Amino acid sequence: MPALPTSESHETHDELTPAEQYQDAIVDLIRSLPTPDAADERYYQTVLKLFIRQLEACGVTPSEQLNEAYTELLMTSKMSQGSSKEASTAACFVNYFVNESDYVRLRESPNVISAHGSTGHRTWEAALALSDYIITAGLLLLGEDGQPPHKLVELGAGTGLVGLIAAKLDPTLEVILTDGDEQVVNNLRANIALNNNNRDNNNNDNDNVESLRPRISAEVLLWNETPVVANTDLVVAADVTYDASVIPQLVACLAQFADAGACSIIVAATIRSQETFQVFQQGCTTQGLTLTKLRSYNESTRHFFIPPSSPEVIIYKISNQA
Ligand SMILES: C[S@@+](CC[C@H](N)C(=O)[O-])C[C@H]1O[C@@H](n2cnc3c(N)ncnc32)[C@H](O)[C@@H]1O
């Protein structure tokens with residue numbers, strides 16, 4: 001981000017308000033960047049789009065220059081998308097900061113829907129909300145009866161943010177990232193390696209690093225088809241309640257984990273449609289599961305940016321009915 005305009009720059013932009021000067025500085029910055037590749041282009045586009053929305057939300061009219069820069073980016077990206085197949089499958093790397101210095105790095109392909117129609121190649125808002133909840137509440141509080149969890153399974157993990165954040169918070173925790181889609185699981189393996197490499201870069205104690213490696217793995221787990229993972233004491237899942245047709249399989253899988261022993265289950269549900277959410281609630285009741293609301297996220301979390309236009313995300317604890 002450029003520094004706010006100084007009094008010096010004010011002399012040359014006498015007629016501009018500080019808000020306009022700031023917008024101009026952002027436009028200058030975007031235009032001074034090297035010609036972006038497809039993934040960067042989309043990133044700049046998203047940043048500008050969100051910036052424009054935020055300005056409007058604050059009652060500031062976006063400047064002509066800012067609108068122009070945004071339109072230019074849209075046009076060039078439309079042209080390059082038309083001429084390049086790679087643009088639609090381009091991968092990018094995103095860092096999600098747990099605190100000022102430590103982060104989880106993920107490989108994402110926001111435009112890819114794999115052969116099986118999986119939506120797991122990007123990180124969704126529910127994963128950001130659940131990650132924020134885990135960082136804020138602490139893993140200890142999520143364990144059954146106040147006991148810290150030893151083995152965490154993430155269902156429908158997508159890019160694996162929630163499980164990898166949990167692994168960061170407690171390096172002794174065994175973490176198994178699962179998804180029903182093989183391509184997504186391959187990407188999960190790449191993301192585990194990426195974060196082990198990050199750890200190598202930040203940590204000279206290699207013996208310690210080696211001993212942590214086997215504690216994070218990725219597996220195919222199709223709900224209600226693949227047997228549940230034995231001795232799991234914490235199950236987490238984000239944005240898995242979006243499709244009414246697979247909710248029966250999901251709730252059956254949750255019930256199997258709940259029946260298998262002392263296991264906490266935390267689900268972050270994005271409320272895109274009340275009807276679909278009711279199918280989930282009803283499915284839980286049918287399986288003898290109770291939903292307890294822990295927190296609702298309507299906007300940005302303390303740790304991660306969630307666009308204001310996103311639907312509400314509600315974090316639930318799910319338990320066997322007493
Ligand atoms: C909307 S994405 C959410 C990904 C990630 N949790 C997030 O919030 O960023 C839903 C994920 O559920 C997975 N999924 C859908 N149906 C499934 C099933 N029957 N069994 C296992 N995983 C499934 C998809 O492959 C996808 O990765």
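Tutor: Let us begin with Thr270 in this predicted model, a residue that, leaving aside its neighbours within four places in sequence, is in contact with Ala126, Asp239, Thr241, Pro311, Glu312 and Val313. Thr270 belongs to strand 7, which covers residues 264-270, and it counts as buried because its relative accessibility is 6%, under the 20% that marks a buried residue.

Turning to the ligand, we find it in the second largest pocket, with 19 residues around it, of which Ser118, Trp124, Gly156, Asp179 and Ala238 come nearest. Two of these residues can be described by their atoms: a polar side-chain atom of Asp179 lies 2.6 Å from an oxygen atom of the ligand, while Gly156 places a backbone N or O atom 2.8 Å from a nitrogen atom of the ligand. Gly180 also takes part through its backbone, with an N or O atom 3.0 Å from a nitrogen atom of the ligand. The ligand taken alone exposes 590 Å², and the protein buries 93% of that area.

Helix 8, finally, runs over residues 161-169 and is mostly covered, with seven of its nine residues buried. The buried residues in helix 8 are Leu161, Val162, Gly163, Leu164, Ile165, Ala166 and Ala167.

Methods
Residues are numbered from 1 along each chain as its sequence is written. This is a predicted model: local features need pLDDT of at least 70, side-chain atom pairs count only at pLDDT 80 or more; totals for chains, interfaces and linings use all residues. Side-chain values use heavy atoms; hydrogens and water are left out. Helices (H or I, at least four residues) and strands (E, at least two) are DSSP runs, numbered from the N terminus. Buried means under 20% relative accessible area, exposed over 50%, partly exposed in between (1.4 Å probe, protein chains only). Contact means heavy atoms within 4.5 Å. A residue is near a molecule or strand if one of its heavy atoms lies within 4 Å of it. A polar contact is a pair of N or O atoms within 3.5 Å; within protein, one must be able to donate a hydrogen and the other to accept it, and residues adjacent in sequence count only if both atoms are side-chain atoms. Accessible areas come from the Shrake-Rupley method with a 1.4 Å probe; for residues, only the protein chains shown count as cover. On a 1 Å grid over the protein atoms alone, a cavity is a set of points where a 1.4 Å probe fits but cannot get out, and a pocket is an open set with protein on both sides within 12 Å along at least five of seven lines; lining residues have an atom within 4 Å of a point. A molecule sits in a cavity or pocket if more than half of its atoms lie within 2 Å of its grid points.
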